[in-house]
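Good morning, and thank you for coming.

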Amino acid sequence: TVGVGGTGYLSGIVGIAAGYRHTCAVSGAGAVYCWGSNNNGQLGDGTTARSLTPKQIATGFRSLACDVTHCGAVKLDGSLWTWGNNLNGQLGVATMLNRTSPKSVGSGYSAASACLFHSVALKNDGGLWAWGLNGQGQLGDGTTVSSSGPKKVGTGFNAISCSSNHSVALKIDGSLWAWGANNYGQLGDGTTGFRATPVVVPGLSGVTALVAGMSFTCALFSDGTVRCWGQNTDGRLGDGTTDSRTAPVTVSGLSGVTSIAAGADHACAVTSGGTVKCWGDNWYGTVGDGTTRNNRLSPVAVSEISGAAALTAGPWYSCALLSSGTVKCWGKNWQ
C-alpha cells in the first residue's frame, strides 16, 4: 500500500498514472499527489528532488496521465495542465523548457494521455489534438514535423491512449483508429509501415477501452475479453506465444474484464471480481505473482490484490486502485 510519509496512507484516490520512475494519483476531492524520481520536474512540486512518499502538488483536478518524465492533468473546469520534461515540446506550451510545476495548455479538454516524447488530448467537442515529437507521424497531422503547440488530429473521438511513438483513439461510432510508428504492427492494420494520419483497425466492434504500450496495443471489449497486437517478444500480447502480430489476437484465459493497463512490455487487467491478472515481462516482479525474471506468456493472478477497481502500468511496475480508495504497487522500485 502506498504510504504518505509518516502520516498514514493515500486514501480517497479515484485515479492513478504511472510514469517511468514516478507515479501520480488524484483524489475524489481533486488533489494530485506524486512520488518517485523528479530529475525533470515530473513530480510537479516546484523542485527536482525525488520523493519516496506521495507529495500533494495541486488541487481542483479530475483526471491525470503520466509517461516517462512528464504528466498532464485536466481540471474540473476543463483546463489542461502539464509539467515535467519538455525537451521535445511534449508539454504543449510556448517554450521547450522543463516545468517543475503545472502550467496551463488551454481550456475545453476532457482527457489527456502522456506519451514518451509527445502528448495527445481530447476536447469536450470530440476534437483530438497532439503535440511534441513527430518523427514517425505520432502527432497524426499528416506530417513528420514536431510541434510544441497542439495540432489537430481529427474529430468525433471519445477515448485516447498513447505510448512511446504511437497513439490510438476510439471514435464515437465505435471504430478504433491508430497512427505513428508501426514497426511491430502496433497499429493493427495488418502492415508494418508508420502512419502519419489515423488508420482504422479493421474488424473490431464493441471496444470499450484501449491502452497503448511500448510497440503494442490492447483493447477491452463489451463482452469482457481483451485483444492485443504488436510486439510480443516477451509475451506482452498474452496469447501464449512470443510471435508479434500485425492484427488483434485474443488474450488467453481472460473473461469478465472491466479495466486494462499497459506498461512498456507487460499488461494487466482487472476482472469483475476485483482480482488483477498480468502478463508479459517479469524481470522485476512486474506481473506481481511473487516471482521474478520468468516472463508470463499468458495472464497470471497478482498476489494479495482484491477489490481492485482500476490499474496503471509503468515500464517495470504496476499499481492497482482498490475500491477502498487506496493504492497498491508492485515491481521495480529503484527511485
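This is a predicted model: local features need pLDDT of at least 70, side-chain atom pairs count only at pLDDT 80 or more; totals for chains, interfaces and linings use all residues.

Let me start with the bond between Cys 24 and Cys 34: the torsion about its S-S bond is about 110°, so this disulfide is right-handed. The two ends sit in separate elements, with Cys 24 in strand S4 (residues 22–27) and Cys 34 in strand S5 (residues 32–36), so the pair ties together parts that are 10 residues apart in sequence. The S to S distance for Cys 24 and Cys 34 is 2.0 Å.

Residues are numbered from 1 along each chain as its sequence is written, and side-chain values use heavy atoms, with hydrogens and water left out.

Now the terms. A disulfide is a covalent bond between the sulfur atoms of two cysteines; here, a pair of cysteine sulfur atoms within 2.5 Å is counted as one. Strands (E, at least two residues) and helices (H or I, at least four) are DSSP runs, numbered from the N terminus. Buried means under 20% relative accessible area, exposed over 50%, and partly exposed in between, with a 1.4 Å probe and protein chains only.

Are Cys 24 and Cys 34 buried or exposed? Cys 24 is buried, with a relative accessible area of 0%, and Cys 34 is also buried, at 0%.

How many disulfides does the structure hold? It holds six. With the bonded cysteines of the chain numbered in sequence order, the pairing runs 1-2, 3-4, 5-6, 7-8, 9-10, 11-12.

Another of them joins Cys 66 to Cys 71, with an S to S distance of 2.2 Å. The torsion there is about 105°, so this disulfide is right-handed. Both Cys 66 and Cys 71 are buried.

Next, Cys 218 is joined to Cys 228 at 2.1 Å, S to S. Cys 218 lies in strand S20 (residues 216–221) and Cys 228 in strand S21 (residues 226–230), so this pair links parts 10 residues apart in sequence. Its torsion is about 105°, so the disulfide is right-handed. Cys 218 and Cys 228 are both buried.

Finally, Gln 90 is in the loop between strand S9 (80–84) and strand S10 (99–106). Gln 90 counts as buried, at 0% relative accessibility. Leaving aside neighbours within four places in sequence, Gln 90 has contacts (heavy atoms within 4.5 Å) that include His 70, Asn 85, Phe 117 and Trp 131.
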